[in-house]
Amino acid sequence: MTRPDSLDAAKKGFDPQLTRRIFGYLKPYTLLAVTAVILALLLSVLSPLPTLLLRHAIDAFLTPFERNPALHPELLYRGLVLTALGYLGLRVLEFGLNYASTLAIGYLGQNVLRDIRTDVFSKLQRLHLAYFDQNPVGRLITRVTSDVDAINQFITGGLVSLITSSLLILVYATFMLRLNWQLALISFSVLPVLFFATNFFRARLRDAFRTTRLQQAIVNSRLNENITGMLTVQLFGREARTALDFDHANRALLAANENSVRWFSLFMPTVSILGQVAVALVLYFAARQILGAEAAGSGLAGAVTVGTLFAFVQWTQQLFQPIQDLADVFNNLQAAMASSERIFGVLDTPEEITDKPDAKRLEHFQGQVDFERVWFAYDPAVTAQTPESDDRWILRGIDLHIRPGESVALVGATGAGKTSVTALVSRFYDVQRGAVKVDGIDVRDLQQHDLRRHVGVVLQDVFLFAGTIESNLTLNSPDIPHARVVEACRYVGVHDFILSLPEGYQTEVRERGATLSTGQKQLLAFARALIQNPDILLVLDEATANVDTETELRIQHALEKVMQGRTSIIIAHRLSTIEHCDRIVVMRRGRIVEQGSHRELLEKGGYYARLHRLQYAQVEAAD
């Protein structure tokens with residue numbers, strides 16, 4: 001099982017270069033980003049004002065009336081009404097700014113998220129197949145989902161929060177110092193303790209959350225493996241053992257979550273109690289002044305009113321929230337740095353299979369294929385200078401020349417290099433030595449899209465996308481008429497089967513074609529190749545390996561029609577399916593050992609004849 005690699009999010013520190021690249025995605029939305037920041041700044045400046053207005057109401061209207069009821073109550077009442085209306089107006093304005101700011105930040109984050117996902121997905125489509133051989137699917141999906149979400153969290157919940165929280169602290173501190181600097185310093189006295197406490201708990205919570213994510217990924221992997229391999233689990237009676245393994249992983253996740261809960265349950269009350277200590281200190285020193293206790297020694301004479309006390313209590317409580325938000329910002333920053341490093345790692349992966357600036361198109365396609373002294377290995381460490389004796393070579397000095405319209409079958413044991421030949425024709429990989437040519441042009445000098453437009457491939461493991469039968473056949477191309485789809489399906493003998501389905505060509509296909517048999521899926525794949533490439537170089541990779549005899553006969557009958565006038569490279573384990581080919585090429589350990597017609601090879605009595613005898617002996621034994 002591959003160990004999850006997305007769990008070091010908290011280990012990565014601030015990286016200016018990565019941050020600049022993230023900011024690069026904000027450029028198309030500069031106006032939206034500036035608007036979001038301005039709205040957030042206005043909201044920060046507005047936040048202390050309602051409390052300041054209430055302080056004025058207390059000191060100007062309520063306290064005077066309490067001390068001297070003989071004052072004109074009508075004037076005091078009018079002042080309170082105006083203050084209440086002003087307070088209500090500020091709250092409505094705050095609501096509007098908050099709504100607009102949240103909306104702008106949300107739109108900004110979602111657009112950036114879309115752009116990054118698009119770039120990653122587009123990059124993955126351009127990467128060579130060897131990259132996917134080396135990177136598990138789950139890891140790549142994480143890049144497009146979880147890692148992109150971490151950057152989105154940093155932009156929406158981190159970047160703007162960093163600006164607004166910093167400004168809020170500055171605004172609250174400014175108001176408090178201007179109103180009463182002594183009380184302000186008293187309320188600030190707990191901030192060093194809060195700073196150290198926050199850092200202590202943040203480090204513990206970071207480790208706890210990282211462990212939780214690790215255990216969650218292990219549980220997800222175990223679950224995915226067992227659901228995917230449920231047939232094997234039930235076939236070999238491994239339910240009890242797999243349940244025990246899953247229980248161990250599940251209990252480890254439980255322990256990790258409990259550890260996170262323990263630290264978090266200590267963290268929040270600690271922050272809360274420190275906030276209350278600051279409020280208590282403010283109440284104590286302010287109350288002494290208000291009550292006139294020890295006024296001469298306090299240094300606060302005449303400086304504190306009931307309204308000022310109320311304002312300081314409110315602001316002290318409100319001051320702690322942006323401080324806490326800043327701690328979350330740093331967590332988001334660390335996660336975003338780690339995620340962006342992995343995302344940009346994908347985006348910066350060299351595209352080894354690329355078109356040259358002067359890449360050519362195939363004009364007047366004929367279908368001639370030439371392998372000229374081709375040496376090939378899947379291992380990227382193998383180069384042209386690697387010794388010929390190295391075991392990593394898959395193809396060793398292949399010389400093969402296929403004439404236009406000729407049908408050639410590749411046979412040999414598993415691992416002989418047959419599939420590699422078809423992959424090189426489509427230029428899914430580049431050779432280390434020699435050259436693969438189509439119509440006399442090196443495939444490395446051709447445009448990939450134009451080359452593959454002429455190459456139809458039917459693989460043994462057929463992949464069907466979610467959608468209808470027809471959308472799978474046309475691959476959602478609007479340029480392919482329904483008549484061509486029906487014609488191709490008639491060719492391969494799958495038309496009647498499709499019509500027997502509840503909605504015919506519009507029948508929905510379940511995930512990976514779960515409701516279709518192997519033979520039916522391969523017939524559909526064969527029709528898809530014909531539809532996509534009406535004038536193709538046809539390459540069949542063991543397309544009849546897993547079909548019954550009746551389906552195999554239908555495919556063979558269709559092949560006889562399709563192969564007329566087309567270059568065909570056929571790979572099949574069943575030698576009976578390739579007896580009619582113009583030429584049979586026998587491969588062994590990456591080399592061509594024999595070639596000729598079916599009759600010629602049998603008469604030669606070599607390796608092919610031995611394969612033929614062994615296969616028919618197995619058939620007779622089975623009968």
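Modeller: Phe-200 is partly exposed, with a relative accessible area of 37%; since the model is predicted, this value, like those that follow, is computed from predicted coordinates. A search of the whole structure finds eight aromatic pairs. Phe-200 belongs to helix H8 (residues 191-228) and Trp-263 to helix H10 (residues 239-290), so the pair ties together parts that are 63 residues apart in sequence. Trp-263 is likewise partly exposed, its relative accessible area being 24%.

Ring pairs also link Phe-175, Phe-312 and Trp-315 into a cluster. Two of these residues, Phe-175 and Trp-315, are in contact with Pro-48, as are Val-171 and Tyr-172, leaving aside neighbours of Pro-48 within four places in sequence. Pro-48 is found in the loop between H2 and helix H3 (49-67). Its relative accessible area is 0%, and Pro-48 is therefore buried, the limit being under 20%. Between Pro-48 and Gln-314 the C-alpha to C-alpha distance is 9.0 Å, although 266 residues separate them in sequence.

Helix H2 itself (residues 30-46) has 17 residues and reaches 24 Å from its first C-alpha to its last, close to the 24 Å expected at 1.5 Å a residue. The buried residues of H2 are Ala-33, Ala-36, Leu-39, Ala-40, Leu-43, Ser-44 and Leu-46. They cover an arc of only 165 degrees around the axis, which puts them on the same side of H2. An α-helix has 3.6 residues a turn, so residues three or four places apart point the same way. Ala-40 and Ser-44 are in contact with Thr-164, when the neighbours of Thr-164 within four places in sequence are set aside. Thr-164 is placed in helix H6 (residues 137-179) and is buried, with a relative accessible area of 15%.

Aromatic rings also take part in arrangements with charged side chains. Arg-21 lies over the face of Phe-344, at 4.1 Å from the ring centre. Arg-433 lies over the face of Trp-375, at 5.1 Å from the ring centre.

Phe-371 has Leu-400 in E2 as its bridge partner. The open sheet consists of four strands in the order E2-E1-E4-E5, with antiparallel pairing. Strand E2 (395-402) and strand E5 (441-442) stand at the edges with a single partner strand each, so one side of each is left without a neighbour in the sheet.

A further antiparallel arrangement joins strand E11 (residues 583-588) to strand E12 (residues 591-596) through five bridges. Here Ile-584 stands opposite Gly-596 in E12. E11 and E12 form a hairpin with two residues between them, and Arg-589 in the turn has a positive phi of about 55 degrees.

Conventions
Residues numbered from 1 in each chain as written. Predicted model: local features only at pLDDT ≥ 70, side-chain atom pairs only at ≥ 80, totals over all residues. Heavy atoms only, no water. Expected span 1.5 Å × (residues − 1). Buried < 20%, exposed > 50% of the residue type's maximum accessible area, 1.4 Å probe, protein only. Arc of directions from axis to C-beta. Phe/Tyr/Trp six-rings, centres within 6.5 Å; stacked < 30°, edge-to-face > 60°. Lys NZ or Arg CZ within 6 Å of the ring centre and 35° of its normal. Pairing = 2+ DSSP bridges. Contact = heavy atoms within 4.5 Å.
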